[in-house]
Each structure stands twice: as C-alpha cells, then as structure tokens.
Amino acid sequence: MEDRSTESPDEDTVFLKSNVKTPTDGGVKQTLGVMKSLRRSMRRAAEKNPLLPGKGSKVTRPADTAGNESGSQLPSSPSPSAGSPVVSPLKNLGSFFQRKEDDESDVASQRSQPLKRSKTDPNMSASRENFVRRSFRRSMFTTKKEKERRGQQEPLNTVTEGSTEERTEEVEEVEEELEEMYTLQELPHTPLSVMQISKLIEMEVLEEAHLNLLALRQELQQELERCGEDSPIELVKKEKDLNLLYGNLRNKVNTIVRDANSLPSRNKALLVPVARIIQEEERRAEEAGGLTDSWMEAWREAVGEGVQVKVESVHLEQREQNASSLAVHLGLLGKAIVEDLENVKRELRCSYPPSFRAFSTYVESYHRVVGQHLTKLEQQATELRDLYALLDWIINTYESERIMGNVSLQPEMRDESKHLQLEENFLKRLKEKYCCRVKVDMRSALDKIIEIENEDIWIQSKTPEKEENLLFSPFHIDIRTQVEGYAVNSRQIDAQLEQKVLTSCLEELKLFPRRFEAEFQRHCSVLKPQPLWTLYQITYINSFTALQQHMEGYLSACPDEVEHFRREVKLLIVMLLQDLEDQFKEDVKPFLRRMMTRKWLTDDNDFNKLYSRTELLCEHCSLITPPHVQELASHLHYHVVREYIGQLMKNNYSCKNRKHNMAAAKICQQWEKLVDVFQDMKSTREWLNAAGYDLSDIIGEKNQKQIKDHLEPVVEHYPDFSRNHLVAVLNFRGLTRGREHQLILQRFAALKKKLGNGSGDRNQVLFSDMQVNVNTDCLSNLLHSCLSFLRPHS
C-alpha cells in the first residue's frame, strides 16, 4: 500500500478534472503513447503488488495466501465456482497492449507489400481490439452455464489470431441473450491508480475499470474503519477521487446507453458490461462508497435520453417550405420509431438480462418522449390540416399496425401497452382547438363565397347559370362539400368530434343567410330595375333551398343548430319571394288600374301588357324550385284576380246602350287567358278561376229578369260576395235601379240566407279584400221601395 502512495494523488485528481478526450483513430501516435504509458504504469503496479509472485502467474484467492498482512476481505458478491479460471485483469490488460504493439508492427511491416483481397475484415487491428474487449467482458462477468462449459477446458490466458470461424463463433456467443445470474471476477488486491482507472473509463474498458473501482472502494472503506472519525487528508482526497471516478463511470455508462441505438455497431458490444456493472452496483446500493442514486433508474433515464435524441432528429420542414410539413414529419417519426424498436428487438435486447426489460423500457420511453414531443407540436400547430394530422396520428396511427402494432415488433409488443403518455386533457384541448379552427375556416370560406359572388356575378352583371333547367349558384355545392369534408374527417377521429365539428359549422352557417342578404342588397340595389335582379333573386331562392336540404341530413347530430339555420333560410327566402311579388305588382299596377274602363272596352293594349308581364313571370317561375314556385304563383294569381275584378267595384264605368254584352265577352276572353297562364305556373288557388266566369254571366245576361238565375253560383263559390259587390256589378252592367234591380237584390238576400251567410271555406276569401265604391240615389231608392209595397205582387 505504501508503494502505491508514491504516485501523486494530486496528479490523479487534476487528471480527472481535466477533460481528456478519448484518442480518435486519426491520432495513432498519440494513442500508442498513451497506451505504452498506461501499460508501463500497470506493470509497475503489478511488480509492486506483493500478492503477485511473478510475471504471468495467476491471482490466487486471498483465503489461500499465507501471510496476508493487508487484511483485505473478499467482495460480498458470489465468488467464482471451483475449478473456474481466474485470470488477472492486469495481466489481461498488459497482454492486450502487448498485442496492440505487435499488431501495429505487423501493419507497419506489411505496408511495403501490396494488399491482397481476403474474406477477413480488412481493418484487422480494430477487429482484434474489439475481440479482445469481448474476451475481457466474458472473463469478467461469466454465467453459470459458461462456468460449467469452461470447467472442463484448459484456461485460456492469451488470445491468438485464430481462424475466422472461431471469431464468428465467439461473436455469436456474445449475441446470445444474457442470463440473469452472473459471477463477478475476484477484485484486484491492489487497484490501479486514479489516473489509470480514469483512462480505462475513457477507453471504455469498463469491466477492468469497474473491478478496480470496487477494489479502490473496498480499500478506502478498510482504511476509514482503521482510522475512525479522524480521517487524514489523504483519505479525504481518496474518497473524493472515488466519487469522481464513479461519476465518470456513470457518465460513460449513460453515454453508451444513450447512443446504443444511434450507433449500434459501436456500442452494442459495450452493453453487456454496462448491464453487469449496473446489476453489481444495484446489489451494492446499501454499501458505502458508491453513488447514492439508483443505477437502474439512471439507465432508464439514459434510454429515455437516447429516445429523445432519436425523436428530435426526425426532420421537420418549415411550414413556409411545405404546407404539409407536420404530416410529413409525423410519417417520418412513425417510421423512425418502428426502425428503432426493431433494432432494440434484434440487436440490443440480447445484451441485457431479463430483469432490465430492455424492450419494454424503450417502448415506455417512446410513449413518454413522443407524448412530450406532440405537446410541442400542438403549440406550433395553428392550421386545420396540422391539427387534423396530430389527431389522426395520435388516435389512428400510433397504436395501429403502422407503428406500435407493427408485425415486425411481434410478439414482444403483444403484452406491452400501446398508449401514448399525454398530458392530462391534452386530447380534449386539441379537439377543442380543432373545432375552433373549423369554425374560423368556415367563416372565412363563407366570406370568400360572398366576395366571389360579388366580383364574378354582381359587379360584372353576369347571368346566372342553369342546372337541370333551374337557376343555381354553385356556392351551395361548395358549402355542402366543405361541411361534408369536415364531417368525414372528424368521423375518422371519433363520433364525438364529428358532432362537435358539425355544431361548429352550423353555428357559423346560421349567420350566413343574413350576411349574404345584407351584401346582396348593398351591392345589387342598382340592378333592381333590371331583369337580372329577378334572376338573381330566383337563383338565391333555389341555392339556399338546396343548401337547407343538405343541412337537414345533420338534424340528428345537432338538431338545435339545424333548426336555427332552417329558420334563417326561410326568412331569407320569404324576403326574396316578397321582393319578386312586389316587383311584379309594381310592374302591372298601371295596367290593372285601367281595366273595366271605356278605353279598356275598346283597346286591348293595357291587357296585353298585363298578360306579357304575367307570361314573363311564368317563365321566371319555371326556373324556381317546386316548393316555392307554387307559393309565388299562388300569391300573384290571387293578386291579379283581385285587382282585375276589383276594377268592377270602383264604379269607373257603366255599360249602357247594350255594351254589357261586349264587356262580358271581353271579360270572359281575357279571364280565360289569365287562368291558363296561372295554371302553367302551377298555382294552387284554382278556386279563383270561377270568379270571372260567374261575374261575366251576370254582366252579359240580356234579360234582366234572368240575372237573378245567375246569382247562386257566385254565392256558392265565394261566401264573402256581399250585397254591395252585387250592386257594383249591376251598376257596371248598367242596371242601377228599378224593379228588376230590387228583385235581384231580394233574390240574393234569400240565397245568402238559404246557403248560410258567411258559410264556406274561410281560406277562400276574395271579395272581402275588394274596396267597393257605389254611387246611389237615396231619394229615388226610397221612393221606389215605398211604391213596391203598394203593388199587389211585389
């Protein structure tokens, strides 16, 4: 122990604090110098070790060594079984460096000769070094099966350049799955110096470094027990060096584990000693001198860090370069996950004992790390396609056969959880964000529709297009397609999201009719006198009707929103229909006003214009969808009939000198044309057709006595036909007073009483809406009434 103290501990401490990097393949000379220096120091340590009688001898067990004055104890881990070879780690390490120099001299001597192709590895020196490291690993940590298998063989103290078959067999043995139990090699009686152990850690000769660390740890504990509480400064420095060495070993182990899957060819061979070191340190966790925190937990964290590196290395383009960059990134991420887990299953899992649950640990790390990665992506996602890509990948892709359910990961994934570890309410927040974005995009799309309609149709006074002989604007198809697209996409996520998305769409859509009407009125008010105004109104009546019918399909999903939208569309259509009615009424008003006049009796010009406007209306009605064409035709049918017959009630003209026959014939002829045109428009008020014929019969009757025979049909057809209406019709015929006039009125009173005054269909109201203007001579009527009582057969 005194001999080791000649090496400066301060020098070792300074060496640990300096960041000395492992030599690369390019620095050959520097590497050789370090190796030679390390070999010399280890040889000096071996020569000074009193437990080693001579060069090349085996290490004997402390219990069998006579005169052991050091008092060192055996490690608490299981000792090698009887008969198993125990090779000095120092001897192995020395032979390794000796072979390294021999290999280098061989390579230098062969440089002058031309290279020949062979089936062996061209980089023979690197292969030898890796092979020697594997030999160290198998010599340090051996399983029970290996002990039994090797117990019958000669100890193999040196490694020769055997055949390729022998090396291949050795590699295959290493790749076998590790057994849970192992036997730790006996600790060196005199550990290497701090500098030498640190160099071994740097060079990733982890087995040798760990054995010397355990020996140094044991030596320090023995010295502390001897000194008690009054520990000298040298022991304090040694304890500090031990902690620094353990920290370096932990960092090296974490680095190897972290990079194991990124650099499998380099780090796979180091995982076996890493696993055994972790097992041994976990077993010694209660003993003093080691690290306080768990090595197994640190291993899991290192696995997670490696997964983190893998996930963050997946390429993600800027959205400005590719609008679908997030979807592409998720696709690449899924592929990277599968490839990584395939590598764990095929290459890395066999380097760990079963208790490590290596494959499960990697799967759990991906669940956690990917969940955190998705949280970052969600914060960056603002567009609908990105939000949908996230939802679809989380819900449909991650657990499917494309990633966690991939065939290549079976059967290992059969008992593993496939669920991502997401933040609480992450999916709920993501779905709400998706619905809000749907609503924003829906409003933007509706605004764009109004803008396009204004720029392409209204401003350019473009005639609307026909679709199946009806006027339509294509926006109803655009809106239907967009809503259906939202519904289909959200349905692929889940039914609940579909309902929320449809609700968002219809909440925005129910505001669309009023906004459209306001813009239509504002931009197209200048077109009102033009025929295009009527065509536009018809177009939007049809388009909004079709749009409403499309939305009825979502009644079961969101009934309140559909009902609200239905009311808004109805209000808009009623407004458009009312505009059409008002426009037609305004157009025909001057022509109807001149009916039943002296000019009308001799001139057909006003009626022809009335009929022409009505025919144009009929043509327009043929372009309206069936639910509304009947409504419009019926309203205007009623208006024309009421205004045409209403002219009889205004007492504008009286047919004298037998002109009533000509007037009746004209009324009958014109009435027939009006009946035909409104039948073509599919008016539902057929009950109006009898009015003109009934009144023309009264007006055209030659014999005044027979007029009362024509009263019954008009009383039956129109219960609201009153005595004043009859007086106005008789005045137009020229029968304003006299006995026959009174008899007709008496007959009318009797019919009203017989058929029931005011009876009939209350919906068939025509005459009560007509204003009656009758000029009567009160004195003559009163005198005529008095005289009628004096006549016997009055």
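Biologist: Let's start with Met595: where is its place in the chain?

Modeller: Met595 lies in the loop between α21 and α22. Helices here are DSSP runs of H or I with at least four residues, strands are E runs of at least two, and both are numbered from the N terminus. Bear in mind that this is a predicted model, in which local features need pLDDT of at least 70 and side-chain atom pairs count only at pLDDT 80 or more, while totals for chains, interfaces and linings use all residues. Residues are numbered from 1 along each chain as its sequence is written, and side-chain values use heavy atoms, with hydrogens and water left out.

Biologist: Is Met595 buried or exposed?

Modeller: The general idea: buried means under 20% relative accessible area, exposed means over 50%, and partly exposed is in between, with a 1.4 Å probe and protein chains only. Met595 has a relative accessible area of 0%, so it is buried.

Biologist: And which residues does Met595 touch?

Modeller: A contact means heavy atoms within 4.5 Å. Leaving out residues up to four places away in sequence, Met595 touches Trp600, Asp606, Phe607, Tyr644, Gln647 and Gln670. As for Asn652, it is 57 residues from Met595 in sequence, but their C-alpha atoms are 9.3 Å apart in space.

Biologist: Moving on to helix pairs, at what angle do α21 and α24 pack?

Modeller: Axes are lines fitted to C-alpha atoms, for helices over the stretch in contact, and angles run from 0 to 180 degrees between N-to-C directions. Helix α21 (residues 559-593) meets helix α24 (residues 626-646) at about 25 degrees, and the axes are 11 Å apart. Angles under 35 degrees count as roughly parallel, over 145 as roughly antiparallel, 65 to 115 as roughly perpendicular and the rest as oblique. That's why α21 and α24 are roughly parallel to each other.

Biologist: Which residues make the contact?

Modeller: On α21, they are Ile573, Leu577, Leu580, Glu581, Phe584, Lys585 and Leu592. From α24 come His628, Glu631, Leu632, His635, Leu636, His639, Val640, Glu643 and Tyr644. If you look at the spacing, remember that an α-helix has 3.6 residues a turn, so residues three or four places apart point the same way.

Biologist: How many residues of helix α28 are buried?

Modeller: Nine of the 11 residues in α28 (residues 723-733) are buried, so call it mostly covered. Among them are His725, Asn731 and Arg733, along with Leu726 and Phe732. Their cover includes α22 (598-602), α25 (660-680), α26 (689-700), α27 (711-717) and α29 (739-755). After α28 comes Gly734, with a positive phi near 105 degrees.

Biologist: Last one: how many helices and strands does the chain have?

Modeller: The chain has 30 helices and four strands, and 47% of its 794 residues are buried. Among contacts between residues at least 6 apart in sequence, 81% join residues at least 24 apart.
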